Amino acid sequence: MTRTKICGLTREDDLDAAVAAGADMVGFVCGVPIETPRELAPDRAATLGERVPEGVTSVLVTMPETPEAGAALAERVDPDAIQVHDYSPDEVAALADRTDARVLAGVDAADDDLEQYANPADALVLDSTDEQGAGGTGETHDWERARAVVADLDVPVLLAGGLTPENVAEAVRTVEPFGVDVSSGTERAGGVKDHAAIQQFVERATAPRTVTT
Ligand SMILES: O=C(O)c1ccccc1NCC(=O)[C@H](O)[C@H](O)COP(=O)(O)O
């Protein structure tokens, strides 16, 4: 079944709604050098992370200046996984060497060196990124290309970028990713989630599908 990640959580009741909806992963943005309504202080990210129940993966989403800084932040927040954006494959490998958390590489779907991330990363987040490499853009990318990436790479791929309750079923059918990742498509305001949208997103991402041969 397609895994689901609800990202950019900032409030307890939104986190609880994501867990109740059946999300497999929940993401907390902390330590990014851009203006975003989803940014949390490290202590706040750690507090929300402690609330994540067994069986749900907590993900620290960050853009640390160095792998050492990323490992130090992971130590402080204590997530199950750390998702880094705008990192080279070598930086992802250096971070993985320094943390026990699983490492997700947030990459731009249009990049042509994605196979180089397959070894150091535990998973890829195939996203639409801005000029600074950040995610949370609310923009989709080429799903046919994403399908080829999923088929070619020997690493789990989470499809991200502009997903919504309205388009996620088609995205899953087209790309057949390991999982899907959403932030702005489940918000009612910056950093504030719409609980009905979270529930619809998870339901539609995970609904059984007829396989055609
Ligand atoms: O959400 C942010 O503001 C953000 C800032 C910097 C790096 C990553 C960020 N978000 C990552 C995500 O929320 C998701 O993994 C992904 O980008 C999906 O975002 P969206 O297109 O809004 O669904």
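Helices here are DSSP runs of at least four residues, numbered from the N terminus. The model is predicted.

**Exercise 1.** State which helix holds Glu50, and decide whether Glu50 is buried or exposed.

*Solution.*
Step 1. Glu50 belongs to helix α2, which covers residues 42-51.
Step 2. Exposed means over 50% relative accessible area.
Step 3. The relative accessible area of Glu50 is 70%, so Glu50 is exposed.
Step 4. Glu50 also takes part in a negative surface patch, together with Glu54, Glu75, Asp78, Asp80 and Asp100.

**Exercise 2.** Find out how the buried residues of helix α3 are arranged around its axis.

*Solution.*
Step 1. Helix α3 spans residues 67-77, and its buried residues are Pro67, Gly70, Ala71, Leu73, Ala74 and Val77.
Step 2. Viewed down the axis of α3, these buried residues fall within an arc of 160°, so they line one face of the helix.
Step 3. In an α-helix there are 3.6 residues a turn, so residues three or four places apart point the same way.
Step 4. Glu75 and Arg76 are exposed and sit on the face of α3 turned away from the buried side.

**Exercise 3.** Work out which parts are tied together by the salt bridges of Arg44 with Glu12 and of Arg51 with Asp16.

*Solution.*
Step 1. Arg44 and Glu12 form a salt bridge at 2.9 Å, N to O.
Step 2. Arg44 lies in α2 and Glu12 in α1 (residues 12-21), so this pair ties together parts 32 residues apart in sequence.
Step 3. Between Arg51 and Asp16, the closest N and O atoms of the salt bridge are 2.7 Å apart.
Step 4. Arg51 is in α2 and Asp16 in α1, so this pair ties together parts 35 residues apart in sequence.

Note on methods. Residues numbered from 1 in each chain as written. Predicted model: local features only at pLDDT ≥ 70, side-chain atom pairs only at ≥ 80, totals over all residues. Heavy atoms only, no water. Patch = residues over 30% accessible without salt bridge, like charges linked within 9 Å, V, L, I, M, F, W, Y side chains within 5 Å. Areas by Shrake-Rupley, 256 points an atom, 1.4 Å probe, with all protein chains shown as cover. Salt bridge = Lys/Arg side-chain N within 4 Å of Asp/Glu carboxyl O. Lys, Arg positive; Asp, Glu negative; His and termini not counted. Charge placed at Lys NZ, Arg CZ, Asp CG, Glu CD. Helix = DSSP H or I, 4+ residues; strand = E, 2+ residues; numbered from the N terminus. Buried < 20%, exposed > 50% of the residue type's maximum accessible area, 1.4 Å probe, protein only. Arc of directions from axis to C-beta.
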